[in-house]
Structures are given as C-alpha cells and as structure tokens.
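Me: I would like to go through a protein structure with you, one topic at a time. Could you keep the answers plain?

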Amino acid sequence: MRQSILLLLALTTLAASGYTQIQVSQEPRHHKVLENEYVRVLDVHIPPHDTSLMHKHSTPSVFLVLSNTKTGSQVLVEPGKPSFADGNIWFESFHDTPRIHRVWNEDTVEFHVMDIELPHTPAATFFVRDPPYSKQLFDTRSVRVYRVTLSPGLHLAMPRSQSPVLVISLSGPPAAGAVNTQPFTKKGDYLFLPGNSPFAIANNSATEQQFALLYIK
C-alpha cells in the first residue's frame, strides 16, 4: 500500500513538472492582445466542447469572466478555487503557489474570460480619486479595480490619474459606448491609457452600461 502511494505521488510530481514550462501566455486559446511594461492582456475564448492545453498561472493577475458558461477543469496545482460566473472579477497574486490546470467548456456557448497579467513592479507611491458612479471591487499591491455603471446617455469626464488605467467593457452586445474616441460595443472591448492621459467615458445607448477600471500601481 505504501509503495502504491509513493508511486502515485511520484507520478503526480512528474506530471506537474512536465507542465510547468507552459505559461498561460503561450496557451493558444489565451490570445495575447496587448503587452507592455504594465500589463499583459490575454483574451480567452474556448469554444463549446473544447479544452485548453495544460498551462501555468504564476504572475499576479486580474480575471474577468464575461460569459455565463458551464465549465470544468483538471487541476495539478491550485492556490485557491475561484468562482466562474458572469460578471465575476477577482485578483490572484500567485505569490507562493501557481495554478497549473486545463479548462474545458461543457456548454453550448463560448467560454469568454480575460486574464490581465501584471508583470510590473508596483510604484512606491499611489494615489487616485474614486471615479464617479463607481464601486471599488478590491485594492491590492499591484492594482486597484472599480466597476463603473453609467445610465443611458451619460457622458463622463474621469479624474486624470498619474497611474496607467486599463478600461474594459462589461456590457453588450449590443452596446453603444466609447472611451475617449474608441468605440465600446461588446464585452471585452478595452483601452489602455498611459499615466496622466485625458480620460472620458460615454454611454450612447438606451440601456445601462458597465466598465471595469484597472488602475495599475
């Protein structure tokens, strides 16, 4: 019995070590749509009945689930168990334990999630005024995140921030909004704004729209 347990542990260790070289940014369903010194934006689309490759999360990250999809996963290493539901936004530091897993889509609709990796070293000082019409979701060493909710037809000038800001649409389709001059029409539309950039959000639709604001420290 003891030999069987030791063999199982050895096989599990070998399996985990064999997968640790596959970073999430190399997984083909995690599409790298933006990368700079502050953020690496991975736009993840897993079609119905498809499965990702085994991959590793080890960089501090903000996750946004943008679909209501039934999913499953096979986990080799797990620091915690997040909740996957439409609209969920959360942060994981992976400071002592990575996540090594693969994810499959059990549903008839696409699984859509964004993984915002934060590879930078946070600044020594950070200050930002709370944006109007916002709710602070969390404040970590790397990032502070708000959800902004705009009524139909509302155009809003945001407080200028010394820190970079990543804006992500949580609404649509259909939606008719804009951040500065860039249209925001569907979930996952985004715009990265360097520090001290002018910043305005418009809801040009007849329905409420929501945006996630990630202030990078």
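Me: Which residues is Arg29 in contact with, leaving aside its neighbours within four places in sequence?

Reply: Arg29 is in contact with Asp43, Val44, His45, Ile46, Asp50, Thr51, Ser52 and Leu53. Contact means heavy atoms within 4.5 Å. Please note that this is a predicted model, in which local features need pLDDT of at least 70, side-chain atom pairs count only at pLDDT 80 or more, and totals for chains, interfaces and linings use all residues. Residues are numbered from 1 along each chain as its sequence is written, and side-chain values use heavy atoms, with hydrogens and water left out.

Me: Where is Arg29 found?

Reply: Arg29 is in the loop between helix H1 (2–19) and strand S1 (30–35). Helices (H or I, at least four residues) and strands (E, at least two) are DSSP runs, numbered from the N terminus.

Me: Does Arg29 count as buried or exposed?

Reply: Arg29 counts as buried, because its relative accessibility is 19%. Buried means under 20% relative accessible area, exposed over 50%, and partly exposed in between (1.4 Å probe, protein chains only).

Me: What lies 3.2 Å from a polar atom of the Arg29 side chain?

Reply: The backbone oxygen of Thr51 lies at that distance of 3.2 Å.

Me: Next, salt bridges. How many does a search of the whole structure find?

Reply: The search finds 10 salt bridges. A salt bridge is a side-chain nitrogen of Lys or Arg within 4 Å of a carboxyl oxygen of Asp or Glu.

Me: Which residues are linked in a network of salt bridges?

Reply: Lys32, Glu35, Arg40 and Glu117 are linked in such a network. Within it, Glu35 forms a salt bridge with Arg40, and their closest N and O atoms are 2.9 Å apart. Arg40 also forms a salt bridge with Glu117, with the closest N and O atoms 2.6 Å apart. Arg40 lies in strand S2 (residues 40–46) and Glu117 in strand S8, so this pair ties together parts that are 77 residues apart in sequence.

Me: Are Arg40 and Glu117 buried or exposed?

Reply: Both Arg40 and Glu117 are buried. Glu35, in turn, counts as partly exposed at 43% relative accessibility.

Me: What does Glu78 form a salt bridge with?

Reply: Its partner is Arg99, and the closest N and O atoms are 2.5 Å apart. Glu78 lies in the loop between strand S5 (71–77) and strand S6 (89–92), while Arg99 lies in strand S7 (residues 99–105), so the pair ties together parts that are 21 residues apart in sequence. Arg99 is buried, with a relative accessible area of 3%, whereas Glu78 counts as partly exposed at 29% relative accessibility.

Me: On to the cores. How many residues does the largest nonpolar core have?

Reply: The largest nonpolar core has 20 residues, and those with the most contacts inside it are Val62, Leu64, Ile116 and Leu214. A nonpolar core is a set of buried Ala, Val, Leu, Ile, Met, Phe, Trp, Tyr and Cys residues joined through side-chain atoms within 4.5 Å.

Me: Which element gives the most to this core?

Reply: S17 gives the most to this core, with three residues. Apart from this core lies another, of 17 residues, including Tyr146 and Phe211.

Me: Now the sheets. What is the order of the five strands that form an open sheet?

Reply: The order is S9-S10-S17-S12-S15, and the pairing is antiparallel. Two strands pair if DSSP finds at least two bridges between them. S9 and strand S15 (190–193) stand at the edges with a single partner strand each, so one side of each is left without a neighbour in the sheet.

Me: How many bridges pair S12 with S15?

Reply: Strand S12 (residues 165–169) and S15 pair over four bridges, in the antiparallel sense. Val167 stands opposite Leu191 in S15.

Me: And what is the order in the open sheet of four strands?

Reply: That order is S11-S16-S13-S14, with antiparallel pairing. Strand S11 (155–157) and strand S14 (182–184) stand at the edges, each with a single partner strand, so one side of each is left without a neighbour in the sheet. Three bridges join S11 to strand S16 (residues 200–203), and Leu156 stands opposite Ile201 in S16.

Key. Polar contact = N/O pair within 3.5 Å; in protein donor to acceptor, adjacent residues only side chain to side chain.
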